[in-house]
Amino acid sequence: MKLLFFIGSMRGGGAERVMAVLTDELTKRGHEITLVVMSSYPSFYKLNKDVKLIQFDNRVNNSLFGKIKYKLKSYFFIRQKIMKINPDVVIPFMYSLITPVLISSLFLNIPVIASEHTTFDREMSFWLRFKRFYINRLADKVTVLTQYDYNYIETRLKNKIVMPNPLSFEPIREYNEERKKYIIAAGSVDRIHHKGFDNLIKIWGKIANKYPEWKLLIAGGGNDENVRKLRELANEYNVNSQFELLGQVKNLDERFRESSIFVLSSRYEGFGMVLIEAMSQGCACISFDCKAGPREIINNNVDGILVEDQNIDGMTLALSDLIENEDKRERLATEAIKSVDRFSVKNITDKWERLLVDVVDIKAD
């Protein structure tokens, strides 16, 4: 098939990593892939050499007229690319780009699969809610990441289907005991509140002095202001000597393989791709049981630990227990390595291929 993907940028992040993994595997399976990135920034993730990359100059004059001109220019650019390439299916990633693509593709009779990557059960502005629950109805299919979101949406979107993210790392074969006393978290530092890094540092501040050999690491890029905020929090909770910001990390799989514990402290997630990545590399994983995502990945006390959503004291106790119990860490990690196979690139791409055939057949009828 000839497939046309759209995404806002490839500068880093879970959805962007999924884009790189999915387009790579689909290309290997013989599909002709064009990826349109609506920014001029270089890709943080390596793309398959056979993926045709097109980028949009996203520089904008911040005046009202400049913003209107930019909006019109971007819609015209999207429609022009769809018409010129004439793909079998168009797939926009993430809600910021789904609406422009759906509107730009009107009356072209080309199927569109809108790929959502954030939970629907969260605070949203009226316009964002309108886009996600109503404009999404223009799509032939809307992929959501979890069964939770599928159930939450109910009949408001009848064209939805659950499509988990694929695992981007090759799972290790067996648990390696030579791990450092690292507790690691990962995510954009610019999303401190979303990722719960403020609470994580607070939690670490409660117990760090009990475990002087242990260190908390946060992997993820961000602007100077947000980096400063996290450093100030580390100073406030007296964990400077047991805390490190790694910045944006290319070899995140290596960081996971050398760490003992992974913590997902998010206030909400679409899926929690970084969680399956950490599980695949043998981290003992612990996560807040936020509304969507972790509970569909972790089988509590079997291949990871789920803590009541945003229960700071509960997370503190559970983290202490993992630090003190090496046998438990090994047991959870060993099971995690096996359990993430259901999210393998092969399994998820197989599901994508079935969906692609379905939307083409429906459009043809």
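Two strands are taken to pair if DSSP finds at least two bridges between them, and the strands themselves (E, at least two residues), like the helices (H or I, at least four), are DSSP runs numbered from the N terminus. This is a predicted model, in which local features need pLDDT of at least 70 and side-chain atom pairs count only at pLDDT 80 or more, while totals for chains, interfaces and linings use all residues. Residues are numbered from 1 along each chain as its sequence is written, and side-chain values use heavy atoms, with hydrogens and water left out.

**The sheet**

On that basis, an open sheet of four strands can be described, with the order β3-β2-β1-β4 and parallel pairing. Its edges are formed by β3 (52-55) and β4 (89-92), each of which has a single partner strand, so one side of each is left without a neighbour in the sheet. From one strand to the next the twist averages 20°, where angles run from 0 to 180 degrees between N-to-C directions and axes are lines fitted to C-alpha atoms, for helices over the stretch in contact. Within the sheet, strand β1 (residues 2-7) runs parallel to strand β2 (residues 32-37) and is joined to it by six bridges; L3 stands opposite I33 in β2.

**Helices against the sheet and each other**

The contact is made by Y75, I78, R79 and I82 of α2, together with L97, T99, P100, V101, I103 and S104 of α3. These residues divide into seven nonpolar, two polar and one charged, where Ala, Val, Leu, Ile, Met, Phe, Trp, Tyr, Cys and Pro count as nonpolar, Asp, Glu, Lys and Arg as charged, and the others, Gly among them, as polar.

**Individual residues**

Most residues other than glycine have a negative phi.

Of relative accessible area, under 20% means buried, over 50% exposed and anything in between partly exposed (1.4 Å probe, protein chains only). N109, at 59% relative accessibility, counts as exposed. L317, which lies in helix α11 (residues 312-324), is likewise exposed, with a relative accessible area of 63%; its C-alpha atom and that of C283, 34 residues apart along the chain, are separated by 18 Å.

H31, by contrast, is buried, with a relative accessible area of 14%, and lies in the loop between α1 (14-28) and β2. Not counting residues up to four places away in sequence, H31 touches M1, L3, L26 and E353. The C-alpha atoms of H31 and I183, which are 152 residues apart along the chain, are separated by 40 Å.

Definitions and conventions
Contact = heavy atoms within 4.5 Å.
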